[in-house]
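Take a walk through this protein model, one stop at a time. Keep the sequence beside you as you read.

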Amino acid sequence: MKSKISAMMDGELEAQDLGEPLSAIGADREARESWRTYHLISDALRGEPLLTHGCARRVSQRLAQEPTLVAPLPGPVAAPQSARWFVPSALAASLAAVTFVGWLALTPQRAPVLAVAPVAQSQPPTQVVRVAEPPRVPLTRATQDYIRAHQTYSPRNSLQGVAPYVRSVSDETEQRKK
Amino acid sequence: MTRALGALVLCAFAGVAHAQASPEALDWLHRIYLATEKLSYTGTFVYQQGDRTETSRITRRAEAGSAVEKLEVLDGSPREVLRTRDEVRCYLPDSQTVKVDRRRDPRSFPALLPAQVQELSEFYAITMDETRRIAGYDCQAIVLAPRDELRYGYKLWADVQTGMLLKARAFNRSGETVEQFTFTQLSIGPVPRERLRPRAVARSWRVEQAAVTPANLAQAGWTMSSDLPGFRKVIEITRLLREAQPVGQVVFSDGLAAVSVFIEPLAGRAETPPMGLASMGAVNVYTREVANHLVTVVGEAPAASVQRIGDTVSFRPPQ
């Protein structure tokens, strides 16, 4: 079992083989000790700062003291259930770790950028959603020709007669040129 | 539970909103339309948009079965617009030009008949508002509040006696005025014919004819959609706009607001106009380039609506 736990930590196990060591860690005290020891070794090798002794126990105690507001406290969780919950997240975590390490290795010189999921890159380009407003441009004499041509077909005429045409002969453009 | 309750409240609200089209207010819209068609009058009105105001004089003479209307801008250079049933002539002294737009199919010209007014209430909550005196006339206010953000709202003040529109205000979704027409003086009654003649001595001026002909832009490879609920295609034509090259024009309307899409080749133009958004009161103009053509969208609608229609324009060479 110890070799399996070690292999799992190194990312050498296939997804379907993760269940057994994970259940063991949940159920077996010795397996849990091995898990903790291997992490201690790997942290020491990488020079990671060590957590003080009994940190996990103290965190558990603090969690137990937290008031539960909405949901009732769950009873003791059965090992297989927790294992089922644990597998996908462990997988995701290890995948994320591998991706991150790979990204670091492949882009040593570049400034950090947001990693783009390879899936997104292989998809066909989707329609760009316009967020910004187009630039504001001044009204020109030529624009007034369009406004006049449009005005002929505006239902506003039937309420206001010729009055809306004032827009298409406005002096506005000359004023802006000055 | 909360969500269900929210949905229920929304439904109830929508129901109330839909019920908000008072028959009396709809009648008033029709009355305004009839007054615009039938009355003879002369008056002075102020057009306000942004921080600018411009004063103009309007003269209208109704004759049997037709009418002539004249608009003279009183500030700045004396520009004039003459409108008859078949034609609109703009006299522009600065450029010594007369721009002529002949109406091709009078049926495509929108009229606010009772049926159309009824349809309007699908997109606007049409209600009665206060009564107020404007330019010496007791007026009834009618509000057309848009049911979505795609349109502007309008408040209209009409003479209680004749239905003549004395004031019109267009407002945006925040309730801010985007433009306003207000008569400051108005006399309703017979107008002598000579008052309708243009002042401009335009014999030597250049005349630009719009030369409107029906068109099918889809056949030429152009696709576009109104994309906005309630905006339907009203007319599709080709026309001339100052330059020799014909310009395609498609008009969409919801019965009160209209948006025109103009398409013309960019090749051969002396200069490319700036691409983007411009505005004149309640009119927004959106310009973009599609397949080496200039697409200009002009509409009495919020900039986002005008842009949305403009962004649907695309070209695929016909097979």
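Start at Asn172(B), which sits in the loop between S10 and S11 of chain B. Here S marks a strand and H a helix; helices (H or I, at least four residues) and strands (E, at least two) are DSSP runs, numbered from the N terminus. Asn172(B) and Gly153(B) are 19 residues apart in sequence, and their C-alpha atoms are 6.3 Å apart in space. Leaving out residues up to four places away in sequence, Asn172(B) touches Tyr152(B) and Val178(B). Touching, or contact, means heavy atoms within 4.5 Å.

Some ground rules come next. The model is predicted: local features need pLDDT of at least 70, side-chain atom pairs count only at pLDDT 80 or more, and totals for chains, interfaces and linings use all residues. Residues are numbered from 1 along each chain as its sequence is written, chains are lettered from A and ligands numbered from 1 in the order in which they are written, and side-chain values use heavy atoms, with hydrogens and water left out.

Now take the chains in turn. Chain A has nine helices and zero strands. Along its sequence the pattern reads α-α-α-α-α-α-α-α-α. Chain B has four helices and 21 strands.

How much of each chain is buried? In chain A, 28% of the 178 residues count as buried. In chain B, 51% of the 319 residues do. Buried means under 20% relative accessible area, exposed means over 50%, and partly exposed lies in between (1.4 Å probe, protein chains only).

Surface figures follow. Chain A exposes about 12600 Å², with carbon and sulfur atoms supplying 62% of it. Chain B exposes about 14900 Å², and there carbon and sulfur atoms supply 52%. These accessible areas come from the Shrake-Rupley method with a 1.4 Å probe; for residues, only the protein chains shown count as cover.

Consider contacts between residues at least 6 apart in sequence. In chain A, 43% of them join residues at least 24 apart. In chain B, the share is 50%.

Next, look inside. A nonpolar core is a set of buried Ala, Val, Leu, Ile, Met, Phe, Trp, Tyr and Cys residues joined through side-chain atoms within 4.5 Å. The largest one has 44 residues, and Tyr124(B), Ile126(B), Leu144(B), Tyr154(B), Leu156(B), Val261(B) and Val297(B) touch the most other members. Helix H2 (residues 23-38) of chain B gives the largest share of this core, five residues. Apart from this core lies another, of 42 residues, including Val169(A), Ala35(B), Phe262(B) and Leu266(B).

Pick out Tyr124(B). Not counting residues up to four places away in sequence, its contacts include Leu144(B), Tyr154(B), Asp254(B) and Ala257(B).

Move on to helix H4 (residues 303-311) of chain B. Its buried residues are Ala303(B), Ser305(B), Val306(B), Gln307(B), Ile309(B) and Gly310(B). They pack against strands S16 (246-253), S17 (258-265), S18 (276-280), S19 (283-290) and S20 (293-299) of chain B.

Ser56(B) lies in strand S2 (residues 52-63) of chain B. Is Ser56(B) buried or exposed? Ser56(B) is buried, with a relative accessible area of 0%. Beyond its neighbours within four places in sequence, Ser56(B) is in contact with residues including Val166(A), Phe45(B), Leu71(B) and Leu74(B).

The structure holds four cavities of 30 Å³ or more. On a 1 Å grid over the protein atoms alone, a cavity is a set of points where a 1.4 Å probe fits but cannot get out, and lining residues have an atom within 4 Å of a point. Grid points are joined across faces, edges and corners, and a volume is the space filled by probe spheres set on the points. The largest cavity has a volume of about 120 Å³. It is lined by 15 residues, and those closest to its centre are Gln160(A), Ala163(A), Met164(B), Leu165(B) and Phe183(B). S10(B) gives the largest share of the lining, four residues.

Finish at two loops. Ala211(B) lies between strand S12 (206-209) and strand S13 (213-214) of chain B. Its phi is near 45 degrees, a positive value in a residue other than glycine. Ala291(B) lies in the loop between S19 and S20 of chain B. Ala291(B) also is not a glycine, and has a positive phi of about 50 degrees. Ala211(B) is partly exposed at 47% relative accessibility, and Ala291(B) is partly exposed at 43%.

Note on methods
On a 1 Å grid over the protein atoms alone, a cavity is a set of points where a 1.4 Å probe fits but cannot get out, and a pocket is an open set with protein on both sides within 12 Å along at least five of seven lines; lining residues have an atom within 4 Å of a point.
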